[in-house]
Amino acid sequence: MKKFTVLLIALLALASFAGIGVAQEGDTVNILFWQAASHMNPYLGNGTKEFEAAALVLEPLARYDPDGIMVPWLVDEIPTVANGGVSEDLTSITWTLSEGITWSDGSPLTAHDVKFSGDFCMHPDTGCTVLDQFANVASIDAVDDMTVTINFDVAKPFPYGPFVGYLTPIIQKAQFEGCIGAAALECQESFGPIGTGPFMVTDFRTNDVITYAANPNYRVMGQPAFDRAVFKGGGDAESAARAVLETGEADYAWNLQISPAVLSAMEAAGQGTVIVGFATSVERLLLNHTNPDPALGENRSVWMADGSNGHPFLQVDAVWQAMSMAIDREVIAGQLYGAGGVATCNILPGPPIYASPNNPFCGPDIDAANAMLDEAGIMDSDGDGVREYMGIPLRVSYQTSTNAVRQNTQALIKQWWSEIGVETELRNIDAAVFFGGDIASPDTYSKFFTDIEMYTNGSSGTDPETYMSGWRSDQITHPDNSWNGNNVVRWYNEDYDALLDQMAVTAVLEDRASLAIQMNDMLVQTGAIIPLVYRGSVSAHHNSVNGVAMNAWDSELWNVAEWTRS
Amino acid sequence: MGKYTIRRLLTAIPTILVISFIIFAVVDLSPSDPTGNLPLTIPPEVRQKIREALGADDPFAVKYVKWLQQFFIAEPLNFIETTLGITFPGSEDRVRVISWATRGPVIDIIAERLPQTLWVVGSSYFLGVLIAVPVGVYSAYRQYSIFDQVGTFAMMVGFSVPTFFTGLMFIVIFSVNLKWFPSVYDTTLVVTDIESLQQQLRQMFMPVTVLTLYTTAQMSRYTRASTLDNLQQDYIRTARSKGLTERTVVMRHAVRNSLIPVVTLIALQIPGIFAGALITEQIFRVNGIGQYLIIAIQGGDLPTVQTVTFIFAVLVVIFNIVADVLYGILDPRVTYS
């Protein structure tokens with residue numbers, strides 16, 4: 001028995017020393033996602049992983065470039081009112097496909113495929129996860145083989161929701177026809193969609209690895225430069241970073257949210273490069289505009305139209321301004337987020353034309369914050385280190401999801417607030433509960449039963465209208481709407497609603513931008529929210545791969561066709 | 001013995017049904033939501049529609065009966081069809097157990113992942129037993145010798161240092177610094193020739209070693225204790241006084257008897273091979289059954305969690321019976337008639 005063991009160990013050892021090092025085939029690009037793709041149908045996608053896995057194969061009519069600017073992809077030009085592609089009354093948009101684009105099986109791409117893709121998502125039984133991209137779409141008509149018109153049931157000043165960006169690419173009608181509606185639940189086609197993109201699927205393993213081969217029918221000669229692509233899932237962010245930056249086993253690793261010190265040490269090995277893309281995600285503090293006192297029972301955190309259940313002190317200008325000013329955002333961004341974050345005083349920091357220039361400074365200045373509170377007469381009258389406003393001590397509860405970076409942020413902020421006489425009680429809640437929709441749980445972010453909470457959110461595309469309408473008064477979370485709504489802070493402002501109404505009928509980009517800036521300023525200058533860190537997505541690529549252009553507005557792999565190996 | 005086995009197998013059926021109900025109830029009552037991990041930008045109405053499309057909001061009883069029907073009728077029929085190549089009437093309408101996250105049949109995904117789990121966890125288990133038994137026996141025979149002391153120390157380390165730590169240590173040493181072994185397991189690798197076999201052994205080396213260390217530690221302590229017990233028995237003294245060689249005394253008399261409880265332990269741990277090794281699979285990206293279960297739990301994928309845990313439960317019940325039957329065969333003092 002022992003002999004056999006020795007033999008086995010010897011065999012293992014022999015095998016391992018015989019060929020040292022991992023052979024890097026020059027023609028395969030290895031992409032590492034530490035969350036594995038469950039399937040490749042973006043219309044049923046559970047998260048970024050499915051959309052990114054599909055992005056090598058499926059393409060939309062137009063994409064966003066790294067600056068958030070639309071570029072025509074399967075069409076020759078972007079339809080606008082000026083070129084007649086968008087109707088004067090803003091209720092329809094007409095796209096014309098480029099000539100000669102074929103699917104990887106050789107059949108031509110037609111307007112019927114585009115129409116089908118939309119119908120697939122909008123079918124009530126499909127359970128489409130990107131349905132909000134098709135908001136207000138009344139119908140999609142294939143005018144002829146090359147022309148498709150999308151009709152909206154309202155005036156749509158920004159009609160670029162459907163089929164722009166990686167969330168809504170075109171799927172082949174012939175392939176998915178049998179999968180529409182309830183049949184989508186067990187659609188086997190989702191494991192190998194046929195696409196127009198640079199690669200096609202050769203092998204799919206659920207939640208594990210996808211193998212692609214170059215699409216011989218790809219429209220650009222000589223692209224892609226790689227013969228194969230491998231999309232490996234699983235593991236964790238830190239080991240994914242290591243595989244690119246230290247061992248060189250992978251060419252690209254996605255979403256490396258790890259300690260900045262660890263990441264920069266890995267990058268110092270000189271094998272790869274860390275890349276960052278910024279979209280609109282902002283880590284922010286939300287200030288409760290209702291009273292979360294448990295003693296209120298049923299009325300805890302319930303918004304009243306007459307304003308009677310407001311927060312006892314958080315809306316006092318001196319209080320929230322001092323609290324905002326006490327925070328050193330540079331320290332949080334630099335120490336906790338590293339390359340993946342910069343300090344911000346705006347809630348809408350991008351794309352550049354939408355970013356407000358009016359809030360250049362929001363701290364830190366502890367002395368000024370203390371002076372502001374003193375001036376407002378909010379003093380520590382009983383000497384316990386906590387200031388009182390009208391006899392109420394400034395004690396706040398502050399909740400967020402369980403996550404090392406967030407708990408460190410909480411600890412820093414608690415310290416700074418203690419220096420201005422605000423006492424903080426910290427809480428952290430498991431993400432699945434905090435962001436979950438359990439109506440019975442008192443700990444969800446939407447119920448917001450504390451004074452302050454913190455999380456990240458952002459606009460899902462370049463156009464901020466949907467995102468900004470999250471603070472509309474009809475979005476206030478309330479027991480009547482089962483606490484569903486985006487206005488979690490329960491901030492009520494009629495002027496803001498008016499700006500949103502105006503935006504809904506404004507088509508010119510510059511005018512929309514100026515409205516968005518006004519709304520941003522209103523939100524941050526009235527203390528609805530305190531922005532902290534503008535968060536980017538962090539990825540890394542091996543130095544032997546050229547042409548990677550990090551994109552936060554579209555798929556990170558948007559230009560994979562142009563990647564080359566040096 | 002035959003009668004006993006049949007009786008045990010028959011009584012296992014209600015046990016398994018009760019287990020399936022309990023698992024289903026626990027999984028269903030947990031507050032996880034299949035749409036809970038979707039991005040915040042997806043509005044609640046869309047989430048509601050997705051839940052409806054999945055059937056996640058159906059009443060408990062409906063979901064349970066559906067699952068029973070899918071697992072005990074549709075899946076076996078489908079298995080017969082695909083293995084024998086025949087088609088039963090109504091084959092197109094039959095609904096198999098479908099995962100909410102992947103939208104594919106759960107059984108197919110398990111079948112796809114079983115090879116890598118068996119390769120990695122199975123071979124580490126096999127190696128572990130091969131090393132543990134001789135080490136345990138020798139440690140007991142030479143109790144308090146240098147070998148025993150060193151062995152005890154090594155086994156305590158293997159037992160108490162968690163696999164996520166040894167796994168990372170191995171990656172840092174063997175992948176990053178020495179560049180001997182890959183840290184990313186390639187599940188698409190097919191062994192066809194000597195070169196691909198080498199590659200397979202190379203990528204298995206680190207996960208298998210990490211797991212073997214742990215299994216060996218556990219198993220050898222058990223063997224040592226059991227052998228120590230037996231070496232102090234009267235029949236050993238009798239054997240020695242008969243003038244038998246030391247080799248016969250130890251191998252024939254002591255070890256044989258000592259291995260009876262060890263065999264039971266091995267049998268009871270076999271279901272664990274199928275369950276995979278959650279942490280080790282995650283670290284080395286082996287993406288076997290353990291990793292699949294974790295993803296399903298995080299994603300609130302009820303049909304998958306239910307099916308995978310239920311298969312484990314069935315394996316545990318079956319191997320319990322196997323252990324009992326083995327006991328009867330190995331130990332003549334135990335009779336089941």
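Visitor: How many residues of chain B are in contact with chain A, and how many of chain A take part?
Guide: This is a predicted model. In it, 52 residues of chain B are in contact with 59 residues of chain A. Each contact is a pair of C-beta atoms within 7 Å.

Visitor: Which elements of chain B give two or more residues to the side that touches chain A?
Guide: They are α2 (44–54), α4, α6 (163–177), α7 (194–231), α10 (278–283) and α11 of chain B. Helix α2(B) gives the most, with seven residues.

Visitor: What makes up that side of chain B: how many nonpolar, polar and charged residues?
Guide: The side of chain B that touches chain A has 29 nonpolar, 15 polar and eight charged residues.

Visitor: Now one residue. Why is B:Ile297 called partly exposed?
Guide: Count its neighbours. B:Ile297 has 18 other C-beta atoms within 10 Å. Buried needs 20 or more, and exposed means 12 or fewer. The count of 18 falls in between, so B:Ile297 is partly exposed.

Visitor: Where is the place of B:Ile297 in chain B?
Guide: B:Ile297 sits in helix α11 (residues 289–298) of chain B.

Visitor: How many helices and how many strands does chain B have?
Guide: Chain B has twelve helices and zero strands. Its C-alpha trace spans about 80 × 60 × 40 Å along the principal axes.

Visitor: What share of chain B is buried?
Guide: Of the 337 residues in chain B, 38% are buried. Take the contacts in chain B with a separation of 6 or more: 70% of them join residues 24 or more positions apart.

Visitor: What makes a group of residues a nonpolar core?
Guide: Its members are buried, of nonpolar kinds such as Ala, Val and Leu, and joined through C-beta atoms within 7 Å. The largest such core here has 154 residues. Helix α4 (residues 106–141) of chain B supplies the largest share of this core, 18 residues. A:Leu32 is one of the residues with the most contacts inside the core.

Terms used. Residues numbered from 1 in each chain as written. Chains lettered and ligands numbered in written order. Predicted model: local features only at pLDDT ≥ 70, side-chain atom pairs only at ≥ 80, totals over all residues. Helix = DSSP H or I, 4+ residues; strand = E, 2+ residues; numbered from the N terminus. Contact = placed C-beta atoms within 7 Å. Nonpolar A, V, L, I, M, F, W, Y, C, P; charged D, E, K, R; others polar.
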